[in-house]
Amino acid sequence: MTGRNALIDAARGAMRHAYAPYSQFAVGAAVELIDGTVFLGSNMENASYGLSLCAEAVAIASASTAGKMADICTIAVVGGGGDPIVPCGRCRQLIAEVQAVAGRPVAVHCSASSGQDVRSFMLDALLPHAFGPAALAPAHEPRHTSDPSTGNL
Ligand SMILES: [Zn+2]
């Protein structure tokens, strides 16, 4: 994957698979790794509304499940019919965790469900003064592998 527009197009493709029967508000996301690999996500609603998942959360979880959260460098999110959509507060916090684990700034590209307008931000602009692993005691800092001897993550 190369370029902002290609990542936006990938997110737009994922948006077509959104499961949003209640809100009809489809969102797609694409996260790109430093090697160009892309993981996709779309929002997934639930009859118990509070269980609904945002597209960004699904895409980030997909990359994390592949063991690649630390390699995420860019995130694209697409949805809505007006101005470019931006990640909700919860997703900004999720992206802050990605940034902390990755150890590098994460770019976020935002667009509407159609149209060419793209707004790009660095995560620090979307969520200044973010709460993160550094705020926790060292024992709670994120680790990437599980330790079978202790059962700890
Ligand atoms: Zn969200």
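Helices (H or I, at least four residues) and strands (E, at least two) are taken here as DSSP runs and numbered from the N terminus. The structure is a predicted model, in which local features need pLDDT of at least 70 and side-chain atom pairs count only at pLDDT 80 or more, whereas totals for chains, interfaces and linings use all residues. Residues are numbered from 1 along each chain as its sequence is written.

Cysteine 54 is found in the loop between S2 and H2.

Five strands form an open sheet of mixed pairing in the order S2-S1-S3-S4-S5, where two strands are said to pair if DSSP finds at least two bridges between them. Strand S2 (38-42) and strand S5 (118-122) are the edge strands, each pairing on one side only. Strand S4 (residues 107-111) runs antiparallel to S5 and is joined to S5 by five bridges; along this pair, alanine 107 stands opposite methionine 122 and cysteine 110 stands opposite arginine 119. The two strands form a hairpin with six residues between them, and glycine 115 in the turn has a positive phi of about 100 degrees.

Helix H2 (residues 55-65) lies across S1, S2 and S3 and runs at about 145 degrees to S2, with axes defined as lines fitted to C-alpha atoms (for helices over the stretch in contact) and angles running from 0 to 180 degrees between N-to-C directions. H2 also packs with helix H3 (residues 89-102) at an angle of about 25 degrees, their axes lying 9 Å apart. H2 is therefore roughly parallel to H3, a description applied to angles under 35 degrees, while those over 145 count as roughly antiparallel, 65 to 115 as roughly perpendicular and the rest as oblique. The contact is made by Glu56, Ala57 and Ile60 of H2 together with Cys91, Leu94, Ile95 and Val98 of H3, residues being in contact if their C-beta atoms, placed from the backbone, lie within 7 Å.

Key
Two residues are in contact if their C-beta atoms, placed from the backbone, lie within 7 Å.
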